Each structure stands twice: as structure tokens, then as C-alpha cells.
Protein chains: 2
Amino acid sequence: MSLAMSGVSAMAQQEINPAARMMESPEVHGDSVTFRIFAPSAKAVNVAARFVSDDKAMTLGENGVWTKTVKVTKPDLYSYAFEVDGVRVIDPLNVFVARDVNTLSNIFIAGSDSLVDMYRVSDVAHGTVTHVWVDTPKEKVARRTSIYTPAGFDATSAKRYPVLYLLHGMGGDEEAWLTLGRAAQIADNLIARGLAEPMIIVMPNGNISQTAAPGETVTDGNFTQPQFYLPRTMDGGFEESFGDLVSWVDAHYPTLTDREHRAVAGLSMGGFHSLFITLNYPELIGSMGMFSAAIYHGEDQPSAIYKDFDKKLDVLKNTNNYVAIGSDDFLFDENKRFKSALNQRAINYVNVVSDGGHEWTNWRKYLVDFLPRLFNSGK
Amino acid sequence: MSLAMSGVSAMAQQEINPAARMMESPEVHGDSVTFRIFAPSAKAVNVAARFVSDDKAMTLGENGVWTKTVKVTKPDLYSYAFEVDGVRVIDPLNVFVARDVNTLSNIFIAGSDSLVDMYRVSDVAHGTVTHVWVDTPKEKVARRTSIYTPAGFDATSAKRYPVLYLLHGMGGDEEAWLTLGRAAQIADNLIARGLAEPMIIVMPNGNISQTAAPGETVTDGNFTQPQFYLPRTMDGGFEESFGDLVSWVDAHYPTLTDREHRAVAGLSMGGFHSLFITLNYPELIGSMGMFSAAIYHGEDQPSAIYKDFDKKLDVLKNTNNYVAIGSDDFLFDENKRFKSALNQRAINYVNVVSDGGHEWTNWRKYLVDFLPRLFNSGK
């Protein structure tokens with residue numbers, strides 16, 4: 001018998017449609033991308049994407065296929081979906097999706113430049129990505145954590161590595177920097193080019209009331225859909241648990257344990273967490289990055305983490321600080337006030353003001369800019 | 001300012017729809033599941049799922065929400081999608097999807113019994129899942145491999161572990177057993193209950209012409225959609241590279257390196273690979289599992305791997321063999337002939353004939369049955 005034929009039969013049973021691959025969507029050519037969807041009975045189909053600014057309507061051809069070609073304004077990783085008769089759906093021809101909190105979108109990369117090429121899987125030695133449950137004695141639970149180790153890493157060798165703790169935003173989890181943030185690809189590419197030091201990147205779940213990403217937790221017997229607002233995200237609990245995480249990592253990985261070889265950075269809520277971890281545990285942190293960070297908050301919380309903010313700020317005189325924000329970010333003014341406070345105290349920081357708002361296109365870009373500055377990469 | 005409000009604003013920019021979580025789909029209650037989708041402009045909406053055997057049509061309510069409640073016939077992990085005006089789409093309210101080759105489907109678990117409860121994330125100590133690139137000197141490329149290590153695993157301790165090599169089917173890759181197969185949850189649950197030995201499970205990419213799952217490979221600058229048929233899947237190349245994989249694993253993990261503590265098993269094409277690895281490298285393998293395996297193939301290939309099949313069969317007198325197949329599987333007769341050949345030679349094997357066909361519901365079930373038989377678990 002022919003196994004090739006068996007294969008067809010087998011897959012047909014598995015709800016796989018071989019015909020689905022007879023056309024391509026998205027088809028990317030340079031800065032232009034064509035979307036296609038077979039929907040002969042639909043009345044209206046749109047491309048649902050922020051980068052399609054004006055006319056989002058697709059056009060129905062005689063073959064039942066709706067198409068639309070758009071140009072992208074710059075090389076980037078883009079996300080999109082379709083709207084079929086008003087229903088937001090992901091592209092049935094594109095298996096590449098990323099979850100942003102509770103919403104799946106398709107993704108693709110268009111164009112090429114020195115930035116977006118860092119997001120691609122390149123022909124370089126790849127690091128390892130591990131999903132491990134970390135015991136946190138203070139909370140008496142294990143928390144799922146993603147850990148990137150660079151190419152060539154060997155747990156049994158004598159070589160020791162610096163560590164970046166990389167924190168997600170509100171609604172995110174330990175998977176966000178890997179999926180939407182392309183952290184593993186960015187680190188692979190920068191390290192392979194000698195632009196960043198080989199380092200371990202630890203991406204914990206920063207939601208103190210959640211032990212792991214949705215689908216990875218013990219639930220009521222089924223999968224629980226992600227929620228926007230979790231309890232206790234900014235009550236000081238995560239910052240207080242940070243020392244336990246560092247102890248665990250230093251006990252289980254060959255790390256350099258002095259503060260000069262330990263950094264913390266994060267986006268939005270994760271930038272907020274990074275700031276207060278640094279302010280409260282200066283003995284642990286040598287470098288700190290705030291990407292579109294929330295800042296002024298927590299004064300109403302009982303935690304000592306948020307007390308004496310102004311007094312603690314002088315801690316940042318002894319750390320390498322990086323503050324990045326988009327000019328359209330709703331947190332721009334908040335960041336401006338924060339930077340004024342730093343200026344008044346003559347506290348140094350790398351000041352990055354980019355285009356755009358509170359979005360992953362900025363956070364990926366900031367990570368590419370930030371990693372080469374860490375651990376005396378000399379860049 | 002209120003950061004909770006900021007959060008809404010931030011997420012709205014990220015193509016997240018807060019209103020999407022105002023209703024639930026799927027809503028599972030016992031053996032009954034209700035699907036919902038907001039599609040006021042659609043003309044017809046169906047549930048696209050094999051377990052919905054008869055009427056697949058959903059009903060439109062006055063609120064623009066289509067609903068359908070169905071009963072499932074047994075506790076299991078189920079997959080489904082919707083058809084909106086003829087377009088197969090995933091449920092916009094359910095972020096839990098699994099990719100089967102080139103098709104995404106939503107998944108949920110319904111019901112409870114001793115089998116399906118093994119697929120759930122339970123309140124037990126969890127193992128670690130690692131995605132690592134393995135050098136294969138023979139092929140001169142690195143190949144991405146998923147590795148499960150059990151709870152309590154410590155690379156630096158003196159404890160050594162047995163290893164199961166767990167292989168995917170045609171069109172699958174190193175992610176299939178983790179996503180559709182629930183291998184990590186199954187291993188966690190069996191090991192925590194003392195039903196299986198703590199073991200390392202190595203899940204390589206068994207497509208010799210593909211180094212990694214789609215999206216993880218170097219492509220022409222974009223993501224390349226998965227393909228059904230890859231070159232060289234069954235030409236002997238994977239079996240020939242198996243020794244390199246074992247050497248790498250034994251060099252990088254604290255393994256027990258005698259054949260009694262090494263097993264190989266796989267589904268469909270992976271069962272075929274498992275068989276020929278065992279027949280050709282009997283010094284490496286103590287236990288072998290074939291789940292809905294393809295068997296008679298390869299005679300037309302030049303590789304010595306497939307030569308002298310009948311003669312090599314006696315190798316199986318010295319291994320623990322497990323042969324499982326569904327009564328509706330298109331490979332049932334092929335497996336029957338194979339088992340007759342084993343019988344003629346008085347070769348022992350565990351003979352599992354289940355309901356159903358060539359499908360993940362069987363492969364998960366076989367894995368739950370198989371793991372406790374390995375490495376003298378004494379079950």
C-alpha cells in the first residue's frame with residue numbers, strides 16, 4: 001500500500017483540510033501583503049488590523065475568494081484578523097497566531113531592516129526555552145516561569161551567566177515576552193552577532209494571584225479563559241516575592257550572582273514592577289529597564305514596597321537606568337513627570353522617546369535597544 | 001490617575017475586545033457543552049466538530065448570539081470550530097487552540113473519569129518542558145526537540161532517569177505530543193500518582209527534511225505554513241539519525257544509559273519509526289510502543305534500515321513490545337498482519353485493540369496505558 005495515500009485518509013479524519021493550502025494568506029512580498037479568504041456566502045469581509053488605516057473592505061472575486069492587498073508603512077511584525085459578516089475571526093489559512101491577553105490574532109513579518117530582522121528566526125545558534133515551575137516559599141505555591149538560556153549554555157560547565165528578569169504587563173503572563181515579544185529570537189540574533197552578552201532571561205508570571213498562564217493552571221475542570229483584571233497585580237506582592245525567584249534561579253542555574261550581573265526590566269505593569277523591585281532591593285539589581293512603564297500607583301496599598309517613593313529614588317543613582325516611552329502612549333505624561341523627578345536628583349538614565357503608543361511594536365523595539373546595553377556589552 | 005482605567009485604554013490599543021468576555025463559549029457542564037458566537041449579520045452558523053454527529057446548525061437568538069448545546073458521548077478532550085456563512089473559523093471566545101498539522105481547532109475537556117482526568121492540569125508537582133536545539137553530527141544541522149523532565153528533576157544531582165523517546169506522526173513535529181497529545185499533563189499525573197516511573201520524555205522533530213516546527217525555522221523571511229507531505233519522512237534518514245539523538249541526550253541529561261531504561265514509541269509514522277529504530281538498533285532499545293502504527297513500507301527505499309524485515313523481527317523477542325490500534329483505523333488490517341507475523345515467531349507483545357480510528361483521542365489514551373508499563377513500574 002502507499003503510505004502517502006494512507007496519510008491523506010488519516011488526516012481527513014483529523015479535521016484537516018488539505019485543500020486549505022491551495023492558496024496563500026497572507027502573501028508577503030516586500031512591503032506589500034495580500035490577504036485571501038474563501039467565503040463565497042459572506043456578504044462583507046474586512047481586514048481587521050490597525051495598520052490598515054482606511055478602507056478595510058476586501059473584494060469578492062468570482063471564485064468565492066475575498067482579497068485585499070495593502071502596503072505596510074515600515075518593516076515590522078504585524079497582527080491582524082478578518083471580519084466575516086461582522087464576526088472577528090482569525091485567518092483560516094494562517095496558523096501563526098499570538099494571544100494578547102484574551103484575544104488571538106494572526107501574525108506575520110513584512111519587510112526587512114536591522115530592527116525587524118532581529119525578530120526573525122535566523123540561521124544562527126539558538127538558545128533554549130524552558131517552562132519550569134518555580135517554588136516560592138513565601139507564597140507556598142509553585143509558579144510557572146519561562147527561562148531562556150543562550151546557545152552553548154551548559155548547566156554542567158563552569159561558565160556563569162548574567163541574568164535579566166523580563167516582566168510582562170497587565171493581563172500578560174510568562175508567555176507574553178516569548179510570543180508577542182519575540183524575546184528568544186531577539187536574544188538569539190543579538191548574541192549571535194556579538195551585540196549582546198550571552199545571558200539568561202527569566203520571564204516569570206508577574207500576576208501574584210495567578211500561578212501560570214491560562215490553560216496551564218489547575219482550574220475547575222476545564223480551561224479558564226484569560227481575564228483582564230486579576231486581583232493583587234499591583235499590591236506589592238509580586239515585588240516582595242522577587243527575592244525568592246532570584247534565590248531559586250541562582251540555586252538552579254549557573255548565574256553570576258552580584259548585582260552588576262543582574263537586571264530587571266518590564267513593560268507597562270512590568271516596568272512598574274521593575275522600578276519598585278529596584279527601589280526596594282537595590283542590593284539585587286544593577287540595571288533596570290522601564291518600557292512604557294506605569295509609575296505613580298500603589299500609594300493606597302498597605303505594602304511597604306510603595307512607601308517613601310521620593311526617598312527611595314536615590315537608589316537609582318547606583319543603577320543603570322533605561323526609560324523608554326512612545327510619544328502617543330497614554331502614560332507619556334506620567335513618564336515625563338518621573339523623568340523630571342530623576343533630573344531634579346541628577347539621576348542618570350537612558351532616555352528613549354519613540355513614535356507610537358502602548359503597544360508591542362514598541363516593546364520589541366525597546367528590547368532590541370536594551371539588551372546590548374546590559375552587562376558591559378560595551379556597545 | 002487610576003491604573004485600572006489606564007489598563008482598559010492600553011488594551012484597546014492592542015486589539016483586545018473587553019466585551020468579548022461578557023459571555024462564555026464553550027460552557028461545559030458535565031457531559032453537556034454550550035457554544036455561543038455573536039454574529040447578528042450571519043445567515044447560517046454551524047458547529048464544525050466530529051463529535052456533533054447530526055444537526056450541526058446553531059440557533060440565532062434575538063440578541064445576535066447563535067447558540068447550540070450538545071451532549072458528548074464520553075469524557076474526553078474535544079476539538080471543534082465554527083462555520084460562519086460557510087467559513088471555518090475558530091471560536092472567538094475560546095483562546096485555547098491546538099494546531100493539527102496545518103489546521104487550528106479550539107479544544108476543551110468535558111466530563112471526568114480516570115482517563116480524561118489524566119489530561120488535565122492537576123494540583124500535583126509539575127515537570128519541566130524544554131525546547132532545545134540538538135546538534136546532529138550526521139546531518140550537520142541542529143534540530144529542535146521538546147524534552148519533558150519530571151517534577152523534582154535536578155540536572156546537578158546524582159539521580160539518573162530512564163528515557164522515553166516519543167515520536168509524532170506524518171505532518172506532526174516536536175510540538176504535537178505536547179499540544180494535542182497532552183504528554184506533559186499525562187506524565188505529571190501518572191508520576192504524581194505513582195502509576196509511572198519518573199522519566200525523561202524526549203520528543204524530537206521526526207521529519208528529516210525539517211529542523212523544527214513551522215514558525216521556529218529559518219524561512220524565506222516570513223513564516224512558512226505547515227505542509228502535509230515533507231520530503232524524506234520515511235526514507236530511513238530519521239532512524240539513522242536516532243543514535244546521534246540518544247548520544248546528545250545521554251551527554252546532556254542525567255540518564256540511565258542501558259537499554260532496559262530506554263524506550264521508543266510513536267503514533268502512525270512515529271510508530272513506524274519506533275519499529276525500525278528498534279529492529280536496527282536493538283542495543284539501544286528495551287521497550288517499544290506502536291500507536292496506530294504504519295508498518296509495511298520502505299521496501300522501495302535504498303536505506304538498509306528497511307532491508308531484511310522478516311529476519312530482523314526476531315529482535316523483538318528481546319524487547320517489551322506494545323501494539324495498539326483502533327478497530328476503525330485504516331491501518332487496522334496492516335497491524336493485524338503484523339501481529340500475525342509476531343505470533344508466528346512467538347514474539348510477545350501487549351495487544352491493545354480499542355474503539356475508534358486514527359485519531360488523537362486514541363493516542364492520548366494509549367499513552368496513559370503505555371507509560372505505566374515502562375521501566376519496571378510494576379503495574
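# A tour of the predicted model, chains A and B

Pro26(B) sits in the loop of chain B that runs between helix H1 (3-13) and strand E1 (27-29). This is a predicted model, so treat each stop as a feature of the prediction.

**Stop 1: the cis prolines.** The peptide bond from Ser25(B) to Pro26(B) is cis, and its omega is near -5 degrees. Now move to chain A and select Ser25(A) and Pro26(A). The bond that joins them is cis as well, with omega near -5 degrees. Pro26(A) lies in the loop between helix H1 (3-12) and strand E1 (27-29) of chain A. Most peptide bonds are trans.

**Stop 2: a salt bridge at Glu27(A).** Select Glu27(A) and Arg36(A). They form a salt bridge in which the closest N and O atoms are 2.8 Å apart. Glu27(A) has a relative accessible area of 25%, which makes it partly exposed.

**Stop 3: Asp117(A) and Arg120(A).** Select both side chains. They meet in a salt bridge, 2.7 Å from N to O. The cut-off between the two classes is 20%.

Stop 4: Select Glu174(A) and Arg144(A). Their side chains form a salt bridge, with N to O at 2.7 Å. The pair links distant parts of the chain, 30 residues apart: Arg144(A) belongs to strand E11 (residues 141-149), and Glu174(A) to the loop between strand E12 (163-167) and helix H2 (176-179). Both residues are buried. Over all chains, the structure holds 36 salt bridges.

**Stop 5: positive phi.** Most residues other than glycine have a negative phi. Select Val101(A), which is not a glycine but has a positive phi of about 60 degrees. Val101(A) is in the loop between strand E8 (97-100) and strand E9 (103-110) of chain A, and it is buried at 5% relative accessibility. Then go to Phe375(A), in the segment after H8 of chain A. Phe375(A) also has a positive phi of about 60 degrees without being a glycine. Its relative accessibility is 7%, so Phe375(A) counts as buried.

**Stop 6: H3 and H8 in chain A.** Select residues 183-192 (helix H3) and 360-370 (helix H8) of chain A. How do the two axes cross? They come within 10 Å of each other and cross at roughly 30 degrees. H3(A) and H8(A) are therefore roughly parallel, and H3(A) passes H8(A) in a right-handed crossing. Show the side chains at the contact: Ala183(A), Ile186(A) and Leu190(A) from H3(A), with Arg364(A), Leu367(A) and Val368(A) from H8(A). Five of these residues are nonpolar, none is polar and one is charged.

**Stop 7: H3 and H8 in chain B.** Select residues 183-192 (H3) and 360-370 (H8) of chain B. Here the axes come within 10 Å and cross at roughly 30 degrees, so H3(B) and H8(B) are roughly parallel. The crossing of H3(B) past H8(B) is right-handed. At the contact, Ala183(B), Ile186(B) and Leu190(B) of H3(B) meet Arg364(B), Leu367(B) and Val368(B) of H8(B). That contact divides into five nonpolar residues, no polar and one charged.

Note on methods
Residues are numbered from 1 along each chain as its sequence is written. Chains are lettered from A and ligands numbered from 1 in the order in which they are written. This is a predicted model: local features need pLDDT of at least 70, side-chain atom pairs count only at pLDDT 80 or more; totals for chains, interfaces and linings use all residues. Side-chain values use heavy atoms; hydrogens and water are left out. Axes are lines fitted to C-alpha atoms, for helices over the stretch in contact, and angles run from 0 to 180 degrees between N-to-C directions. Helices (H or I, at least four residues) and strands (E, at least two) are DSSP runs, numbered from the N terminus. Angles under 35 degrees count as roughly parallel, over 145 as roughly antiparallel, 65 to 115 as roughly perpendicular and the rest as oblique. A crossing is left-handed if the near helix is turned anticlockwise from the far one by less than a right angle, and right-handed if clockwise. Contact means heavy atoms within 4.5 Å. Ala, Val, Leu, Ile, Met, Phe, Trp, Tyr, Cys and Pro count as nonpolar, Asp, Glu, Lys and Arg as charged, and the others, Gly among them, as polar. A salt bridge is a side-chain nitrogen of Lys or Arg within 4 Å of a carboxyl oxygen of Asp or Glu. Buried means under 20% relative accessible area, exposed over 50%, partly exposed in between (1.4 Å probe, protein chains only).
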